[in-house]
Amino acid sequence: MKLRSAHAAGWALFDAPVHRDERGWLIEALRLDTLRAHAGAVEIVQQNLSRSRRGVLRGLHYQLGAPQGKLVQVIEGSVHDVIVDLRRGSPHFATPFAIELHADRPQMLWVPPGFAHGFLALEDSLLLYGLTQPWSAALDRAIRWDSPQLAIDWPLAGARPLLSQRDRDAPDFTQAELFRFDAATGAASAHD
């Protein structure tokens, strides 16, 4: 696992070199020391697997009270991954960042606490998430994927995405509960 690029907002993209031979391949999926060199003293406390059919859009999701950092990797398929800085006062507040992740080009996306996360499955896909806080139904939140204020350019080519009821009913960005930004640490704190 090697740092490929880092953004001033705190997110980063890591490469996962593939070691191949006649038996198959091996990928280093997590090096905590490498992640910590960029993200600070984080711990991965929960892992989730997500399977999505082509055209499924999940998000934009985040967690208040115990903000989650996420290390996202595509195991099968490919996705158009989007993160949005929800830290009020951050220089990157309300800025969406989009990255395509592909299983055949193994990379991991670090999503810092205080960001919303979502993705569109460009083909049938399997994602692995490492989380820095356990999921809590009481703290779980969502923002509507097509909020006009965010103007996210989803590569839908005129098609309608497949959405969960939760994502269809999610509030617009203007109604979302947000985080405060600590300029000294760059951290997200209790919501406004």
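**Figure 1. The largest pocket of the predicted model.** On a 1 Å grid over the protein atoms alone, a pocket is an open set of points with protein on both sides within 12 Å along at least five of seven lines, and lining residues have an atom within 4 Å of a point. Grid points are joined across faces, edges and corners, and a volume is the space filled by probe spheres set on the points. The largest pocket has a volume of about 410 Å³. Its lining counts 22 residues, with Asn-48, His-61, Lys-70, Tyr-129 and Arg-166 nearest the centre. Two or more lining residues come from each of strand S5 (46-52), S6, S12, strand S13 (125-131) and helix H2 (165-168). Helices (H or I, at least four residues) and strands (E, at least two) are DSSP runs, numbered from the N terminus. S6 gives the most to this lining, 5 residues. By class, the largest pocket's lining has 9 nonpolar, 8 polar and 5 charged residues. Here Ala, Val, Leu, Ile, Met, Phe, Trp, Tyr, Cys and Pro count as nonpolar, Asp, Glu, Lys and Arg as charged, and the others, Gly among them, as polar.

This is a predicted model: local features need pLDDT of at least 70, side-chain atom pairs count only at pLDDT 80 or more, and totals for chains, interfaces and linings use all residues. Residues are numbered from 1 along each chain as its sequence is written, and side-chain values use heavy atoms, with hydrogens and water left out.

**Figure 2. The second largest pocket.** This pocket holds about 290 Å³ of space. Of its 18 lining residues, Arg-87, Pro-112, Thr-185, Gly-186 and Ala-187 lie nearest the centre. Helix H1 (32-39) and strand S16 (187-191) are the elements that give two or more residues to the lining. The lining divides into 11 nonpolar, 6 polar and 1 charged residues.

Figure 3. A cavity is a set of grid points where a 1.4 Å probe fits but cannot get out. The structure holds 1 cavity of 30 Å³ or more. The largest cavity has a volume of about 40 Å³. Tyr-62, Gln-63, Pro-67, Gln-68, Lys-70, Pro-113, Gly-114, Phe-115 and Phe-179 form its lining. By class, that is 5 nonpolar, 3 polar and 1 charged.

**Figure 4. The open sheet.** Its 5 strands follow the order S10-S8-S12-S6-S14, with antiparallel pairing. From one strand to the next, the twist averages 25 degrees. Axes are lines fitted to C-alpha atoms, and angles run from 0 to 180 degrees between N-to-C directions. Two strands pair if DSSP finds at least two bridges between them. Antiparallel strands S6 (residues 57-63) and S12 (residues 115-121) are joined by 3 bridges. Leu-57 stands opposite Leu-120 in S12.

**Figure 5. The largest nonpolar core.** A nonpolar core is a set of buried Ala, Val, Leu, Ile, Met, Phe, Trp, Tyr and Cys residues joined through side-chain atoms within 4.5 Å. Buried means under 20% relative accessible area (1.4 Å probe, protein chains only). The largest core has 22 residues; Leu-60, Tyr-62, Val-84, Leu-86, Ile-143, Leu-150 and Trp-154 have the most contacts inside it. S6, strand S8 (78-85) and S12 each supply at least two of the core residues. S6 contributes the largest share, 3 residues.

**Figure 6. Ser-90 in its loop.** Ser-90 sits in the loop between strand S9 (87-88) and S10. Ser-90 is buried, with a relative accessible area of 7%.

Notes. Buried means under 20% relative accessible area, exposed over 50%, partly exposed in between (1.4 Å probe, protein chains only).
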